[in-house]
Amino acid sequence: GGGLGGAAAIFAFSTTPPIPNLVFAGVPIHVDPDQATQILRPLNGALPGEGHATLQAAVPNVLALAGSAVWAQFFVFDAAGPFGLSATQGAVFELF
């Protein structure tokens with residue numbers, strides 16, 4: 001399922017691992033909040049369950065980045081979520 005269509009969302013990512021078992025407002029956090037970069041954007045779609053977003057990023061062709069990881073998670077402002085917040089599960093991307 002998707003998020004709340006049209007809702008504001010934050011895409012957060014960090015290059016440092018998340019703090020184990022960190023929860024904020026009832027939502028598990030899967031990025032390092034102290035190091036996370038955040039991008040605010042609205043979700044596409046119009047109804048609950050239709051919200052989605054796509055992000056593209058250019059990754060430099062630098063050998064030193066091979067083997068490094070990026071942790072990422074979307075947070076959605078959604079009145080139906082705990083304390084008005086919903087989130088995706090976290091994801092980790094290993095660069096190669």
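**Loop residues with positive phi**

N21 is found in the loop between β2 and β3 (23-24). I checked its backbone because a negative phi is what most residues other than glycine have. N21 is not a glycine, yet its phi is positive, about 60°. Is N21 buried or exposed? I found 77% relative accessibility, so N21 counts as exposed.

A25 came next. A25 sits in the loop between β3 and β4. A25 also has a positive phi, about 50°, although it is not a glycine. Its relative accessibility is 22%, so A25 counts as partly exposed. The cut-off for buried is under 20%.

I note here that the model is predicted.

**Overall picture**

I stepped back to the whole protein. How many helices and strands does it have? I counted zero helices and nine strands. From the N terminus on, the order reads β-β-β-β-β-β-β-β-β. The C-alpha atoms fill a box of roughly 45 × 30 × 20 Å along the principal axes. Of the 96 residues, 24% count as buried. I also looked at contacts between residues at least 6 apart in sequence: 64% of them join residues at least 24 apart.

I put W71 in strand β7 (residues 69-77). Its relative accessible area is 19%, so W71 is buried. The cut-off for that is under 20%.

Which residues does W71 contact, leaving aside neighbours within four places in sequence? I listed A12, F13, S14, T15, T16, P17 and P18, then H30 and V31, then A91 and V92. I took one pair further. W71 and A12 are 59 residues apart in sequence, but their C-alpha atoms are 8.3 Å apart in space.

**P18**

P18 belongs to the loop between β2 and β3. With 25% relative accessibility, P18 counts as partly exposed. Beyond four places in sequence, P18 is in contact with I29, H30, V31, D32 and W71. I also checked a separation: P18 and A46 are 28 residues apart along the chain, and 32 Å lies between their C-alpha atoms.

**Two buried aspartates**

D32 was on the contact list of P18, and I followed it up. D32 is placed in the loop between β4 (27-28) and β5 (37-42). D32 is buried but has no salt bridge. Where is the nearest side chain of opposite charge? It belongs to R41, 22 Å away. A salt bridge needs the charged atoms within 4 Å.

What does the side chain of D32 make a polar contact with? I found the side chain of T16, at 2.8 Å. Leaving aside neighbours within four places in sequence, the contacts of D32 are S14, T16, P17 and P18.

Then I turned to D78, in the loop between β7 and β8 (85-87). D78 is buried and has no salt bridge. Its nearest side chain of opposite charge is that of R41, 16 Å away. With neighbours within four places in sequence set aside, D78 is in contact with L4, G84, L85 and S86.

**L55**

L55 lies in the loop between β6 (48-51) and β7. Its relative accessibility is 32%, so L55 counts as partly exposed. Not counting residues up to four places away in sequence, L55 touches F11, R41 and F74. I checked L55 against I39 as well: they are 16 residues apart along the chain, with 9.8 Å between their C-alpha atoms.

**The largest pocket**

How much space lies in the largest pocket? I got about 510 Å³. The lining has 21 residues, and F11, F13, A57, V70 and F93 are the closest to the pocket's centre. Which elements give two or more residues to this lining? They are β2 (8-14), β7 and β9 (91-94). The largest share, four residues, comes from β7.

Notes: Residues numbered from 1 in each chain as written. Predicted model: local features only at pLDDT ≥ 70, side-chain atom pairs only at ≥ 80, totals over all residues. Heavy atoms only, no water. Buried < 20%, exposed > 50% of the residue type's maximum accessible area, 1.4 Å probe, protein only. Lys, Arg positive; Asp, Glu negative; His and termini not counted. Polar contact = N/O pair within 3.5 Å; in protein donor to acceptor, adjacent residues only side chain to side chain. Contact = heavy atoms within 4.5 Å. 1 Å grid on protein atoms, 1.4 Å probe; cavity = no way out; pocket = protein on both sides within 12 Å on 5 of 7 lines; lining within 4 Å. Points joined across faces, edges and corners; volume = space filled by probe spheres on them.
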